Amino acid sequence: MSSLEIIRHAPILSAARGVGLLCDGLGRALLHELLAHGPLTRISLAARLHAGPTRVYECLKAFAAAELIEASTATRAPRHGITASGRALLAVATRVEAWFGRHPGGPLEDSVGWRAFGDLGEAWRTALVEWIVRLGPTESDAARGLPGYAPQRLAELLSARQEAGMVELYCARDGTLRYRLTQWAAQAILPLAALARWEDRFHPPGGASIAVEDAVVGLLAILPPVRLGSKRDALCTLTAEAGQGPTGGRRTGTVWARMRRGRVVGVGEGAPPRPADGWVSGSFEAWMTAVLDGSRRALRLDGRDPAGTATVTELLDGLHAQALDLGG
């Protein structure tokens with residue numbers, strides 16, 4: 001099997017609905033108004049948002065269809081209020097804004113930051129992120145293209161993402177130049193994970209559940225920036241498990257991480273290069289709760305000895321620390 005054959009041709013559906021809704025500037029402003037001052041009529045919203053009634057009506061219609069708002073018809077003019085799903089989506093927006101506020105070149109202006117997140121979300125949906133983190137492609141790989149991307153289009157995208165601080169070339173151990181996500185871009189996986197959890201919890205029309213492949217890609221992306229408090233050298237495995245219902249894909253996916261002097265120096269998928277010192281497994285929800293909220297109770301973790309268990313615990317704490325840095 002060639003390296004490209006492991007990459008899915010179909011779009012990645014998890015989090016895509018949430019990205020589309022959050023990147024709607026008028027929609028975000030509308031939700032904020034309803035959270036702070038609602039329920040409100042359409043005319044009141046149009047005045048507060050300094051937007052035309054027709055634009056506000058279209059936004060209300062779209063967000064009602066997504067079950068982010070609901071209308072009360074107890075009065076002559078319907079009053080619109082925010083739902084629990086809408087409140088949860090706005091909480092994810094806080095993580096996104098913290099992310100683009102940490103751009104390495106300085107905090108991005110709001111409109112630019114949201115466009116950057118939209119670009120990252122598109123790269124996630126179309127498997128460009130997956131291709132980069134699973135394969136560590138060379139410039140020669142990029143020249144051959146990718147399913148869904150002609151070589152010239154792929155070269156343009158990679159160049160643009162480099163300029164935007166999302167992708168970088170680095171010299172691998174074998175001396176080849178390879179593409180990888182920057183630390184800043186990798187941190188955007190955490191808001192994407194929060195959006196995937198939002199879709200799993202609220203089931204908005206058009207949303208999709210997370211799959212094993214998505215969890216594997218997410219872990220491969222967010223592990224490299226992790227820093228441990230201790231300076232242990234160890235190898236740990238992290239396994240995500242699908243739910244009991246039909247998933248149309250793999251049941252489990254395992255990622256390994258090699259630590260040296262408190263830094264993650266290597267990650268990979270599948271069987272580790274040697275027996276692991278510590279290991280942890282659990283459902284998607286258990287992983288989301290541990291990484292985003294800091295509660296490990298639903299995960300199962302163990303090790304060859306107490307030091308191995310302590311290392312995998314530190315690794316989980318490091319993952320959560322990244323989420324805290326983004327307003328978790």
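**Entry 1: Arg261.** I looked up Arg261 and found it in the loop between β7 (252-260) and β8 (263-269). I noted that the model is a predicted one. The phi of Arg261 is near 55°, a positive value in a residue other than glycine. With a relative accessible area of 61%, Arg261 is exposed.

**Entry 2: Ala127.** I then turned to the loop between α6 (110-125) and α7 (128-135), where Ala127 is found. Ala127 is not a glycine, yet its phi is positive, at about 75°. Is Ala127 buried or exposed? I recorded a relative accessibility of 2% for Ala127, which therefore counts as buried, the cut-off being under 20%.

**Entry 3: Pro39.** I checked the loop between α2 (25-37) and β1 (40-41), which holds Pro39. The peptide bond from Gly38 to Pro39 is cis, and its omega is near -5°.

**Entry 4: α3 and α4.** I examined how helix α3 (residues 42-49) meets helix α4 (residues 53-65): their axes come within 9 Å and cross at roughly 115°. The crossing in which α3 passes α4 is right-handed.

**Entry 5: α5.** I compared the length of helix α5 (residues 84-100) with expectation: at 1.5 Å a residue, its 17 residues should span 24 Å, and the end C-alpha atoms are 25 Å apart, which agrees. I also listed buried residues of α5, among them Leu89, Leu90, Val92, Val96, Trp99 and Phe100. Arg95 of α5 is buried as well.

Technical notes:
Residues are numbered from 1 along each chain as its sequence is written. This is a predicted model: local features need pLDDT of at least 70, side-chain atom pairs count only at pLDDT 80 or more; totals for chains, interfaces and linings use all residues. Side-chain values use heavy atoms; hydrogens and water are left out. Axes are lines fitted to C-alpha atoms, for helices over the stretch in contact, and angles run from 0 to 180 degrees between N-to-C directions. Helices (H or I, at least four residues) and strands (E, at least two) are DSSP runs, numbered from the N terminus. A crossing is left-handed if the near helix is turned anticlockwise from the far one by less than a right angle, and right-handed if clockwise. The expected span of a helix is 1.5 Å times one less than its number of residues. Buried means under 20% relative accessible area, exposed over 50%, partly exposed in between (1.4 Å probe, protein chains only).
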